[in-house]
Amino acid sequence: AKKKRELQELLQQARMGPPATLVIYEAPHRLLSTLETIAEVLEEEGSSAMRQVAVCRELTKRFETILRGEVRDVLRRIEEDPNQQK
């Protein structure tokens, strides 16, 4: 709950400032809940269709994966593939 609240506050602060790219490092076991929180905050402000995310994992390794798109689309792709949740 504390991490979710901190993330919500970070996203709200970012929304108030000039447009910027946010970089958030997250543990694999919290990735789904973090993306869900991001989607909720973006939907509240009405910009979920305009904001894009990129989820990058295993960078510089054999199984490097980069998923890009709207938050809900990326979230759905990760939920459909258990290998993306490791």
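The model is a predicted one, in which local features need pLDDT of at least 70, side-chain atom pairs count only at pLDDT 80 or more, and totals for chains, interfaces and linings use all residues. Residues are numbered from 1 along each chain as its sequence is written, and side-chain values use heavy atoms, with hydrogens and water left out.

**Helix α2**

Let us begin with the helix itself. Helices (H or I, at least four residues) and strands (E, at least two) are DSSP runs, numbered from the N terminus. Helix α2 covers residues 31–45, and its 15 residues should span 21 Å at 1.5 Å a residue. The expected span of a helix is 1.5 Å times one less than its number of residues. The end C-alpha atoms of α2 are 21 Å apart, which agrees. After α2 comes G46, whose phi is positive, near 80 degrees.

Which residues of α2 are buried? They are L31, T34, L35, T37, I38, A39, V41 and L42. Here, buried means under 20% relative accessible area, exposed means over 50%, and partly exposed lies in between (1.4 Å probe, protein chains only). An α-helix has 3.6 residues a turn, so residues three or four places apart point the same way. The cover over the buried residues of α2 includes α1 (2–16), β1 (52–57) and α3 (71–80).

**Salt bridges**

Now to the charged side chains. A salt bridge is a side-chain nitrogen of Lys or Arg within 4 Å of a carboxyl oxygen of Asp or Glu.

| Salt bridge | Closest N and O atoms |
|---|---|
| E36 with R72 | 2.7 Å apart |
| R72 with E43 | 2.8 Å apart |
| E58 with K61 | 3.9 Å apart |

E36 and R72 form a salt bridge, and this pair links distant parts of the chain, with E36 in helix α2 and R72 in helix α3, 36 residues apart. E36 counts as partly exposed because its relative accessibility is 25%, and R72 is partly exposed at 34%.

R72 also forms a salt bridge with E43. That pair likewise links distant parts of the chain: R72 is in helix α3 and E43 in helix α2, 29 residues apart. E43 is partly exposed, with a relative accessible area of 38%.

Through shared partners, salt bridges join E36, E43 and R72 into one network.

Technical notes: Contact = heavy atoms within 4.5 Å.
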